[in-house]
Every structure is written in C-alpha cells, then in structure tokens.
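Open your viewer and have the selection tool ready. The tour goes stop by stop, with something to pick at each one.

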Amino acid sequence: MPNYSSELDAVLRALADPTRRMVVERLAKSPAVVSDLLALFSMTLPSLLQHLRILEDAEVVTSHKQGRVRTVSLRPGALDVLHLWLGEQRTSAERQADRLGIHLTRSITKEISP
C-alpha cells in the first residue's frame with residue numbers, strides 16, 4: 001500500500017458527504033467567509049462549522065480569522081492524493097485504449113492535413 005494511504009483515507013472520508021463536496025466546489029472558485037458559505041445551505045452555523053472542521057482535519061481546506069471574520073480557502077494540492085490514487089487504479093486496458101485513441105486521432109489528423 002502506498003505511504004499516502006492515511007492522507008487518502010482522510011480526504012475520501014471528508015468528501016463522502018455531499019455538503020462538504022459542495023463546500024469544496026464553492027471554494028474551488030475562490031476563498032469565502034463562513035457567513036457566505038452558510039448562506040448556501042439550510043443549516044445552522046454550528047453544523048457548518050462541523051463540516052469545515054472535518055475538511056480542515058483532512059487538510060482539504062484552511063482557514064484564518066481576521067477580527068471577527070473567518071475566511072476559508074481550498075488548500076492548494078489538497079486533492080492531488082485523490083488524483084494520484086485514481087490514476088493508479090486505472091487498468092492496463094484503459095491505458096492501452098487511451099494510447100489507441102491518441103494514435104487514431106493523430107492518424108486521422110495526418111490524413112486530413114495535406
């Protein structure tokens with residue numbers, strides 16, 4: 001098993017919840033203050049803070065507080081471990097099909113070009 005399995009487990013657990021996935025999707029656009037995130041959901045502030053805590057514990061998001069305002073950001077590279085793991089799960093048949101697709105695309109392009 002790869003040495004990043006605990007990090008992968010934490011990310012997968014954090015993303016298992018639809019609310020947390022929606023938070024990540026929103027933060028992928030730009031950082032947001034907690035009150036703006038709260039406006040997206042029909043939940044109480046303590047419930048949202050619990051979701052954010054899970055995302056922070058998994059190191060998917062970071063937050064910082066300035067005065068009374070807490071801003072939450074998606075941590076750069078936070079989902080790389082997921083991408084890496086998914087890439088490792090691809091079968092050799094998928095890889096061969098990908099290479100065949102690239103070859104066919106190049107062949108068709110060469111036939112069309114004079």
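Which residue of strand 3 does A32 stand opposite? Select A32 and look across: the residue facing A32 is V72 in strand 3. Keep in mind that this is a predicted model.

**Stop 1**

Three of them make an open sheet, in the order 1-3-2, with antiparallel pairing. Strand 1 (32-33) and strand 2 (61-66) are the edge strands, and each pairs on one side only.

Start with strand 1. Two bridges join strand 1 to strand 3, and the two run antiparallel. You have already seen A32 opposite V72.

Now go to the other side. Strand 2 pairs with strand 3 (residues 69-74) over six bridges, again in the antiparallel sense. Select H64, then find T71 in strand 3 standing opposite.

**Stop 1: the hairpin**

Follow strand 2 into strand 3. The hairpin has two residues between the strands.

**Stop 2: a charged patch**

Switch to a surface view. Select E7, E56, D57, E59 and D80 together. These residues gather in a patch of negative charge on the surface.

Zoom in on E56, which sits in helix 4 (residues 45-57). Is E56 buried, partly exposed or exposed? E56 counts as partly exposed, because its relative accessibility is 32%.

**Stop 3: a nonpolar patch**

Keep the surface on. Select L100, L104, I108 and I112. Together they make a nonpolar surface patch of about 420 Å².

Pick L104 from that group. L104 belongs to helix 6 (residues 92-112). With 44% relative accessibility, L104 counts as partly exposed.

**Stop 4: the tryptophan**

Finish at W85, in helix 5 (residues 80-89). How does W85 count, buried or partly exposed? The relative accessibility of W85 is 26%, so this residue counts as partly exposed. The cut-off for buried is under 20%.

Technical notes: Residues numbered from 1 in each chain as written. Predicted model: local features only at pLDDT ≥ 70, side-chain atom pairs only at ≥ 80, totals over all residues. Heavy atoms only, no water. Patch = residues over 30% accessible without salt bridge, like charges linked within 9 Å, V, L, I, M, F, W, Y side chains within 5 Å. Areas by Shrake-Rupley, 256 points an atom, 1.4 Å probe, with all protein chains shown as cover. Salt bridge = Lys/Arg side-chain N within 4 Å of Asp/Glu carboxyl O. Lys, Arg positive; Asp, Glu negative; His and termini not counted. Charge placed at Lys NZ, Arg CZ, Asp CG, Glu CD. Helix = DSSP H or I, 4+ residues; strand = E, 2+ residues; numbered from the N terminus. Buried < 20%, exposed > 50% of the residue type's maximum accessible area, 1.4 Å probe, protein only. Pairing = 2+ DSSP bridges.
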